[in-house]
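Please inspect the sequence and the structure before working through each solution.

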Amino acid sequence: MADIGDDPDSDLLAAAVAGDRDAFGALLQRHYNRIHGLAWQLTGSRADADDIAQDVCCTLVEKIAGFRGEARFTTWLCGIVFNACRDLRRRRRSFGGFTDRLAILAGLARGPDGRDLHDAMWLKSAIARLKPAYREAVVLVAGQQLTHGEAAEILGVAESTISWRMHEVRRMLSAEG
């Protein structure tokens, strides 16, 4: 059980869990950039990050009352964002991207814009070659600055597994450089 008294969000969180809409709004405002940033790092797309951030904010309305304080709020929140990104990947795999391509062809949706491609290039160049398990660990530890324990909790693996994955990533990247 985490000591949420050490959590900088503890006062807002307690009020939000109790149903205070202003406190909930303040929490969202405080953490929106983290939500969006993690979604962008995991998906590589600004449009997907926008959609996921919106979905997560809506989901939090329902989930905030269930926050049990077993982890810091930011760790719990990153877990929700991570799962939302994983769900998006699963949905896309199951439909094979067909509906997305069809919507673009029919003019119902925009294709990727130049900003997405340019902005994502630097992100993808370093992590694209990594296996998903390594990529997820890097995004959570390096990108979101979570501890190995927090990343392990989100990914459902042992803390030592995260440490090993990060070690392997450093080894792989230094061998390429």
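Helices (H or I, at least four residues) and strands (E, at least two) are DSSP runs, numbered from the N terminus. The model is predicted: local features need pLDDT of at least 70, side-chain atom pairs count only at pLDDT 80 or more, and totals for chains, interfaces and linings use all residues. Residues are numbered from 1 along each chain as its sequence is written, and side-chain values use heavy atoms, with hydrogens and water left out.

**Exercise 1.** Determine how many helices and strands the chain has.

*Solution.* The count gives 9 helices and 0 strands. Read from the N terminus, the order is therefore α-α-α-α-α-α-α-α-α.

**Exercise 2.** Identify the buried residues of α8 and the residue that follows this helix.

*Solution.* Step 1: buried means under 20% relative accessible area (1.4 Å probe, protein chains only). Step 2: in α8, the buried residues are E150, A151, A152, I154 and L155. Step 3: after α8 comes G156, with a positive phi near 75°. Step 4: across the chain of 177 residues, 37% are buried.

**Exercise 3.** State which helix gives the most to the lining of the second largest pocket.

*Solution.* Step 1: lining residues have an atom within 4 Å of a point of the pocket grid. Step 2: this pocket has 13 lining residues, with R68, E70, A71, W76 and E153 nearest its centre. Step 3: α4 (73-95) and α8 (148-155) each supply at least two lining residues. Step 4: α4 gives the most, with 5 residues.

Notes. 1 Å grid on protein atoms, 1.4 Å probe; cavity = no way out; pocket = protein on both sides within 12 Å on 5 of 7 lines; lining within 4 Å. Buried < 20%, exposed > 50% of the residue type's maximum accessible area, 1.4 Å probe, protein only.
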